[in-house]
Amino acid sequence: MPSVLELCSPAQGFLRPLEQVPDPVFSEHMLGNGFAIEPAEGILYAPFAGTVSNINKNAHALVLTQNGFEILLHIGLETVALKGQGFEVLVQEGQSVSCGQALIRFDLAALKNAVPCYWIMCTVTAPEAAPVALSAPRAVKPGEKVAVAGAQEFPTANTSAPDNAPAFDSAPITITNPNGLHARPAGVLARLAAQYDFPILIVYNQTETNAKSTVSIMALALEKGSVIQLRARTADEPAAQSALTALTQALTDGLGETPCKCAPKPALDFSRALTLKALSCGGGFAHGPAYIYTAGEIPFEENAQNPAAEQTRLNEILAQQEETLQEEISHASSAAAQDILQAHLGLLKDPFLLSHAQKIMEQGKTASFAFNEAIRASVELLKKTKNRFLMERIADLKDLRKRVLLALNGQSAALPAFPAGCVIFAEDLLPSDLAFLEGRVSGVVLAAGSPTAHVCIMLRNMGLPALACAGEEVLQIPAGSDTFIDAAQGTLYINPSAPDRARLLTEMDAARLQLEQDIQAGQAPALTLDGVRITVGGNICNEKEALQAYQNGADSLGLVRTELLFLQNQTHAPSEDEQLRQYQGIVNAMHGRPVTLRTLDIGGDKPAPYLNLPPEENPVLGIRGVRAYGTNKEVFLSQLRAMLRVQPAGQVRIMIPMVGFVSEAQACRRLIEQEKQALGIQAKVETGIMVEVPSAALLAEQFAQTADFFSLGTNDLTQYTLAIDRGHPLLAARADHLHPAVLHLIARTGQAAQTAHISAAVCGAMAGDTDAVPLLVGLGITELAVSAGAIGKIKALVRRLNAADCRALAQQALILPDAQAVRELVRRHFSK
């Protein structure tokens, strides 16, 4: 029998005791003693030299054996439900492996998002109850000794019986576990069976298997719906029947797993008035009859009669579409539309897309089939990244697919036959679909989607009230249903009662009148009732938006997002002169008013292939913003030179994103001064930082000694403070910038700015939130950067405020428990 087995770490990561695993099957040692590793990379290694005796069919677990020991290596909890997606097994059953040999490669970043626990569990499943002596928790690497299993001889569980021992069988048992008898339920069954001092067997497909062995049970690969019998071999019939009854009940109950009883959401009752919540894609009211929009499929043949002709045809169509896109870009109705068309143009030239289509046509397929397959493959690649920004480009790929397939068919996009003034309901929309909507519909409700997706950005810039992530059930709405959208509140009203309908119509009229008045008064300064000046500037990305902001009364440009120029080209960075032309155009549009240019905010969810940015498991917390400048110094210096060359010198302010360390701000300031001297520039150029990392807010007093101004990026500041990804499908609604924890960081930043006599701005979505503006004024914020269309509204709001009252209100908000309470406080105060 075995005595001891030395176990090494099966992964790079942190050693944890098994008791910390958030699952009683492991933490209560139901499968056996062992340990866990919190992995830092996606590779599972052999913890000792042995034989691979079993590999789970879903690739998330396997068993190694050596000299009577059986060791289960299990990656994550609930990973069986992934059906092998994201896992790659590198060995075979029966193969001998050495200690430290790679066994399974897995997508760690995807695993973290998909399952409740991504740790690797290492348990000794045989001999039963083998003790494991574990080292202290610490960072470990593959091949490093972490534990010793066994320190004595172990009794063997009785799995044999006399040849003449009678057999007693249970009734047929149907497996109810949603994912079959994978490692955890198999271990529970083996542990329960081991309580009996006579053999317990599983009979499946006329074969007997030892029910006291986790590995043997796993090897059966029993799925939900599989039918088995239990067999007890003993002369003691009452004991046999008792065991069979208990084990049958345990199997029927799921061995500790609760079979999924989640019923689908009940259908909405559209025969009555309904009020539903969704995510806001912008402000405003909409009213009209409901219309369900479904995009039609574009038919095409698969096999080509003349493959060479198909290749020529695709090349011609792509060349035509390139010309068409260039023309559409030059006549785009908005900057957002222009940016998205630029993205389509870049995709049209994508080498992966073109080479993939070429290979498929060489196999005798039509141009349409080949291009469709190339798009499909590109979409799959983006999905695998789990990167929110990249996945949002999927809509652009689908839009390009639609454009090219229609052209290959000699068709043009058909105009949907929806009634003017309706509210469109759709699963999601492509950017090209919006061409049919502008000026013809009153609002949009998306069952899926995200407020940060391209299509929602376009809807916002079009001024169309829109909601996203409203749920699939809204698509069952009867056509023509009376529908209201209050986009600012994220509320959808369907068939409202007569009193509610009258109230909503009154609110819509009042909002329309107020908007007209705000636009007319946009050119006047924003002074509070007690004389405090609040600068209201634009939050823009190109010259067209800058001109619109100026026309709407922007006192400045509080944020110019320069990275979009860098993302339009996937092969190289824009030259210094190209950047200068764009920056100069923006400055010219403002006719002498201050312009704040943010340096490149690349990385995280906005990658650029030509930059030196390593792949990361969690890019939002990785190399982005200022952190990317060290390995891309020439790109950064080129941008600084382009900004400094803008005339008149001094009208531009330079702002550095993602600063978390004082040394980062100091280093950037030194570089700017060096480039100024090299260019012979004497004028003062203000240099500020984005306060979007909590450390920058907490150390605002120290940063104020280096920075000429602060600008709070409240979208990221909220994300990092609350530890909620702002694009998370389930948690995003809770990432409210009015959470008191966020307000405390803003207050600290505002106070530090006042002490140092520098300005403190807000350039995130919070600056345009009418509930937030009074609090921002009260917390010492002196500048607000909003979209061009919101400038008049925010200026008008500031003029109705008393700064002293705002300060008192802000102090009350700081001691409240959550964002909802803060919003209620603000609304109560201003409803008086």
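Helix α18 carries the exposed residues Gln677 and Ala678 on the face turned away from its buried side. The model is predicted, with a mean pLDDT of 84 for the protein and 89% of residues at 70 or more.

**Helix α18**
- The helix covers residues 662–679, and its 18 residues should span 26 Å at 1.5 Å a residue, which agrees with the 26 Å between its end C-alpha atoms.
- Its buried residues are Glu664, Ala665, Cys668, Leu671, Ile672, Glu675 and Lys676.
- Viewed down the axis of α18, these buried residues fall within an arc of 140°, so they line one face of the helix.
- They pack against α17 (633–644), β31 (652–656), β32 (687–691) and α20 (700–703).
- Gly680 follows α18 and has a positive phi, near 75°.

**Strand β27**
- Strand β27 (residues 491–494) is covered on both faces, with Thr491 and Tyr493 buried on one side and Leu492 and Ile494 buried on the other.
- β27 pairs in the antiparallel sense with strand β20 (residues 274–277) over 4 bridges, and Leu492 is the bridge partner of Leu276.
- Strand β26 (residues 482–486) also runs antiparallel to β27, joined by 4 bridges; here Asp486 has Thr491 as its bridge partner.
- The hairpin of β26 and β27 has 4 residues between the strands, and Gly490 takes a positive phi near 65° in this hairpin.

- Where pLDDT is low, the predicted coordinates should not be read in detail.

Terms used: Residues numbered from 1 in each chain as written. Predicted model: local features only at pLDDT ≥ 70, side-chain atom pairs only at ≥ 80, totals over all residues. Heavy atoms only, no water. pLDDT = per-residue confidence, 0-100. Buried < 20%, exposed > 50% of the residue type's maximum accessible area, 1.4 Å probe, protein only. Helix = DSSP H or I, 4+ residues; strand = E, 2+ residues; numbered from the N terminus. Pairing = 2+ DSSP bridges. Expected span 1.5 Å × (residues − 1). Arc of directions from axis to C-beta. Contact = heavy atoms within 4.5 Å.
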